[in-house]
Amino acid sequence: MRERVCVVMNGGGDDEDVVVAASADASPPLQWRFSQVFGERSAGEEVQPVDMILAIEFDHSGDHLATGDRGGRVVLFERSDAKHSSGARRDLEETDYPVRHPEFCYKTEFQSHDPAFDYLKSLEIEEKINKIRWCQTANGALFLLSTNDKIIKYWKVQDKKIKKICDINADPSGAVGNGTVANGVPEANISSLRLPVVTSHESSPVAKCRRVYPHAHDYHINSISNNSDGETFISADDLRINLWNLEISNQSFNIVDVKPEKMEDLSEVITAAEFHPTHCNMLAYSSSKGSIRLIDLRQSALCDSHSKLFEEPDAGGSKSFFTEIIASVSDIKFAKEGRYLLSRDYMTLKLWDINMDSGPVSTFQVHEYLKPKLCDLYENDSIFDKFECCISGNGLRAATGSYSNLFRVFGVSSGSTETGTLEASRNPMRRHVPVPSRPPRLGGMIGRGSESAAGVDGNSNNALDYTTKLLHLAWHPNENLIACAAGNSLYMYCA
């Protein structure tokens, strides 16, 4: 029996409005509940490092989900409720059960990357999957990009029917001689010999690598992103962003290069890059200094100059050794309609309006309670953890991960104070999050979702487990469904 996952909230956005921050009408907060889990480990079972999930991605339709792990494998899941229910029958089922949520089943898996060695640089290349991105489908086949630290691959996954030979009435064990022929059929019955028939049985998905895009990055690839034109994509490392054509694997164009003439002059690196969802000429990339740059490919071939710069206004005051570390942006995501941009740094989740570069529209405190523990987090390297973020298809809510396998859900629409904490487990405990007080206006903007330091983890009496961290998660493009990775397990929650 499924149990409800508690989310303590007080207010939400209008689910009928697809534009972020466009409506102040309150709607009931979402009630999240456990949906599915894949790869759940039993109590006391040790997680093998190669099984750790490092990438999660829904396709544009939401009917398929891909995960990549440290062992270089890509596992595909497909939606099962939509596959087996269609037409009038599905309409009748929805009438009887108006609240339905997507259910997924295992489809296939394949080895995307293997360990390699760069002999020129004497560098070992791990097989771990850093990012997965779905491409446009064609002729019933699925296409996706996967990358490790150095090599990007373009995969085609298509169902192939298994052919079998049947209707053979010969005995293969028969011997030659004594009135028999070589196929084991008696001479008297040779007229009854039937020709074998080839029949097609159930289909099985087969993955085939279409192209490999190697040797284009000197540093580890941290991002890949598809263009809305369906023909090109970008790949980014610490210092450069390259533009590729899907059909050309031996050539790419360097469109952003932040490498200084002298490496000692290096002050920031690229941390994430993302194409605009609808404008094929626009993309954004974030930096380790907490800034986000929007560039227009129509301005010049080498986009060293940005068209817009988004950064937090300098609040003044004293700065510590950790100020720049915690300001580094670990992930950015465009909302579906493309006007709003979500960013995650170590302490906060920020929502930006690309038409307004004076500062974030909203700021949501995720790790405010960890400020007194920054020294300890630096000592155990947890301060360098890169948490991802995701935004719902209607742009009204966003989610990001935390420690102790927790993740946070925030309402980002105007006037919403919805906020909740969930634990990635089959039977999550009820975790109470204090109701945030609305901070004062600063420069015409409201920072929403901030909380007091105590109890943000939902259980102030228990210390957080920094070894169990929820770094990777994805939001279904059309439904209120979140998929998140906890170690080697894939959990799904619906509302």
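Predicted model: local features only at pLDDT ≥ 70, side-chain atom pairs only at ≥ 80, totals over all residues.
Residues are numbered from 1 along each chain as its sequence is written, and side-chain values use heavy atoms, with hydrogens and water left out.

**View 1. An open sheet built from 4 strands.** Follow the strands in the order β20-β21-β22-β23, and you will find antiparallel pairing. Strands here are DSSP runs (E, at least two residues), numbered from the N terminus, and two of them pair if DSSP finds at least two bridges between them. At the edges sit β20 (329–334) and β23 (362–365), each of which pairs on one side only. From one strand to the next, the twist averages 15°, taken between axes that are lines fitted to C-alpha atoms, with angles running from 0 to 180 degrees between N-to-C directions. As background, strands of a sheet pair through backbone hydrogen bonds, either parallel or antiparallel.

View 2. V361 is buried, with a relative accessible area of 17%; buried means under 20% relative accessible area, with a 1.4 Å probe and protein chains only. Although V361 and K350 are 11 residues apart in sequence, their C-alpha atoms are 7.6 Å apart in space.

**View 3. An edge-to-face pair, Y213 and W244.** Rings of Phe, Tyr and Trp (its six-membered ring) pair if their centres lie within 6.5 Å; planes under 30 degrees apart count as stacked, over 60 as edge-to-face and the rest as tilted. By this rule the count comes to 22 aromatic pairs. For Y213 and W244, the centres are 5.3 Å apart and the planes stand at 70°. This pair links distant parts of the chain, with Y213 in strand β11 (residues 197–213) and W244 in strand β14 (residues 240–245), 31 residues apart. Both Y213 and W244 are buried.

**View 4. A stacked pair, Y491 and Y493.** The ring centres of Y491 and Y493 are 6.5 Å apart and their planes lie at 20°, so the pair is stacked. Y491 is buried at a relative accessible area of 7%, and Y493 is buried at 0%. Look around them for a cluster: ring pairs link F34, F407, Y491 and Y493.

Note on methods:
Buried < 20%, exposed > 50% of the residue type's maximum accessible area, 1.4 Å probe, protein only.
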